[in-house]
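Work through the exercises below with the sequence and the model side by side. Each task is followed by a solution that goes step by step.

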Amino acid sequence: MATIAVFGGTGRTGRHVLEQALAAGHEVRALARSASSVRARDPRLTVVEGDVLDADAVDRVVAGSGAVISVLGQVKGSPATLQTDGIRIITDAMARHGVQRIVSLSGGGLPDPAHDRPKAADRIIRVLLKLLSPTVLEDAKGHLRVLRASGLDWTVVRGPRLQGTPYTGVYRVGWVGVDASTSVGRADLAEFLLRQVEDRTFVHQLPMVSY
């Protein structure tokens, strides 16, 4: 089993990642502003208190890990470049500690021109995202640029509208406009994220997970 560093593990999707990783027998190292915000309790879980923009705290989480899962996302009051700056600090720590594999969650609005074939509805959604959430979209693009320049084995998993539906284990993996829909459950998305730690199929790609 792997030792996985998890960033964003107290969020609504990140909690599923933590719980599923522990249930699968992995050792988990998680960053949290407060240890009390981590609901999971397990002897294989190590919680480091701190912020993803704190390089020392990030370094302590990455040290001793074999792979990283980032479920970072902006919330109200977040810096405009939280994901970009956070990923830069994480990848710098990975380089120092010789950790090569990172899996990062982003939204379905992040474009992948090499694989996406957006239909009319997809184009409308992207226009709305640019109008309603331009900062979040630019941050997602910035974090992808950091990953592409990192020299690491990265995968960016894109999720459309996230739902709190029960785990099903049944979902599609495709691209915008290609075998993809507009929603996915957080528990199923977490399962796919976790699988990418050892699955090399989507290295340097941006798969979309949906129902």
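**Exercise 1.** Why are Glu138 and Lys141 separated by about one helical turn?

Solution. Glu138 and Lys141 are three residues apart in helix H5 (residues 134-150), and therefore about one helical turn lies between them. Helices here are DSSP runs of H or I with at least four residues, strands are runs of E with at least two, and both are numbered from the N terminus. The model is a predicted one, in which local features need pLDDT of at least 70 and side-chain atom pairs count only at pLDDT 80 or more, while totals for chains, interfaces and linings use all residues. Residues are numbered from 1 along each chain as its sequence is written, and side-chain values use heavy atoms, with hydrogens and water left out. The next step is to look at the side chains of Glu138 and Lys141, which meet in a salt bridge at 3.6 Å, N to O; a salt bridge is a side-chain nitrogen of Lys or Arg within 4 Å of a carboxyl oxygen of Asp or Glu. Finally, Glu138 has a relative accessibility of 44% and so counts as partly exposed, and Lys141, at 23%, also counts as partly exposed (buried means under 20% relative accessible area, exposed over 50%, partly exposed in between, with a 1.4 Å probe and protein chains only).

**Exercise 2.** Describe the salt bridge between Arg195 and Glu191 and the setting of both residues.

Solution. The side chains of Arg195 and Glu191 meet at 3.6 Å, N to O. Because the two are four residues apart in helix H6 (residues 186-195), about one helical turn separates Arg195 from Glu191. Arg195 is partly exposed at 49% relative accessibility, whereas Glu191 is buried at 12%. Elsewhere, salt bridges that share partners join Asp116, Arg126 and Arg158 into one network, and a search of the whole structure finds 10 salt bridges.

**Exercise 3.** Which side chain of opposite charge is nearest to Asp122?

Solution. Begin with the position of Asp122, which lies in helix H4 (residues 120-132). Asp122 is buried yet has no salt bridge, and the nearest side chain of opposite charge is that of Lys119, 5.3 Å away; for charge, Lys and Arg count as positive and Asp and Glu as negative, while His and the chain ends are not counted. The side chain of Asp122 does reach the backbone nitrogen of Lys119, at 2.9 Å. Leaving aside residues up to four places away in sequence, Asp122 touches Val176 and Gly177, where contact means heavy atoms within 4.5 Å.

Definitions and conventions:
Polar contact = N/O pair within 3.5 Å; in protein donor to acceptor, adjacent residues only side chain to side chain.
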